[in-house]
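Open the structure in your viewer and keep the selection tool at hand. The stops below say what to select and what is there.

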Amino acid sequence: MTYDGANIKIYVDGILEVTTPMTGPIGTNTAALVMGSGMNGKLNDMRVYNRALSQAEVTAWHDEYAPNLQISNLQKGLIGWWRMDNNAKDSTNYANNGTVTGATLTTDRKGQSNRAYSFDGASNHILVGNAGSGIETISFWMKPSATTSEKIINIDGTRQIELNSSSDIVATGFPGATVYIDGSSASANISDTNWHFVTIVDATGVSPSTLDLGAVSTDYFSGKLDDVRIYNRALYPTEVTALYDSY
Ligand SMILES: [Ca+2]
């Protein structure tokens, strides 16, 4: 069951069954959370979130547990995660923390202060350095200042992610990348300077030996970046959509 401030939705086996319009906050009190009161049956794996999961996430969680499917959760294979909430630290156990040069904390796509970084296009970047090998998925949120010709992320000095002169996101030098914009691989085009979610999937794998966020050599990104993730596995299209829908 989810509630996003507009609707209560009830899913059964990952499928939306009931939508009930509702407004206002969920009431709170100090009484204990009780499971199974008055119930004759079995319960398992109860979770509580402070946000409404999307349809894709609900389906992914359901499918993850189905023994005949191999859809994994969105943490599996996550070997680098720069959330950019107050700092440039890596949230994974690999602790490949970024070194901030000039980039400043700014509001994220939800208007939350100090939860993304702003880059000036002149000298700002966040250098991570060697962040492992066999990277098959890279995802991040970005809000470019311009829709053409922006270098965004350096991978290893040769491979890079950029916005080209035709406003397409290109994974330059990647062996066989699929580019997703806002959870869809239908187009790699960025047509405005709003926040967009970019995901690069290339099952060949690349090695981010000189990972640099916001710069490729001395070409600097102008705009905002947030929530950079790298995985050592290729995310499924449904997982990319779920990532896009999360937060
Ligand atoms: Ca963030």
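Begin by selecting residues 2-65 and giving them one colour: the domain assignment calls this stretch domain 1. Then select 78-231, which the assignment lists as domain 2. This is a predicted model. The C-alpha centres of domain 1 and domain 2 are 33 Å apart.

Now show the whole protein as a cartoon, with its two helices and 18 strands. Along the principal axes, the C-alpha trace spans about 65 × 40 × 35 Å. Among contacts with a separation of 6 or more, 62% join residues 24 or more positions apart.

Next, select residues 2-3, 7-12 and 15-21, which are strands S1, S2 and S3. In what order do the three strands of this open sheet lie? The order is S1-S2-S3, and the pairing is antiparallel. In general, strands of a sheet pair through backbone hydrogen bonds. S1 and S3 are the edge strands, each pairing on one side only. Between S2 and S3 there are six bridges. Show the side chains of isoleucine 10 and valine 18: isoleucine 10 stands opposite valine 18, which belongs to S3.

Finally, select residues 237-245, which form helix H2. Which residues of H2 are buried? They are Glu239, Val240, Thr241, Ala242, Leu243 and Tyr244.

Terms used
Residues are numbered from 1 along each chain as its sequence is written. This is a predicted model: local features need pLDDT of at least 70, side-chain atom pairs count only at pLDDT 80 or more; totals for chains, interfaces and linings use all residues. A residue is buried if 20 or more other C-beta atoms lie within 10 Å of its own, exposed if 12 or fewer, and partly exposed in between; C-beta atoms are placed from the backbone. Helices (H or I, at least four residues) and strands (E, at least two) are DSSP runs, numbered from the N terminus. Domain bounds come from an automatic or database domain assignment. Two strands pair if DSSP finds at least two bridges between them. Two residues are in contact if their C-beta atoms, placed from the backbone, lie within 7 Å.
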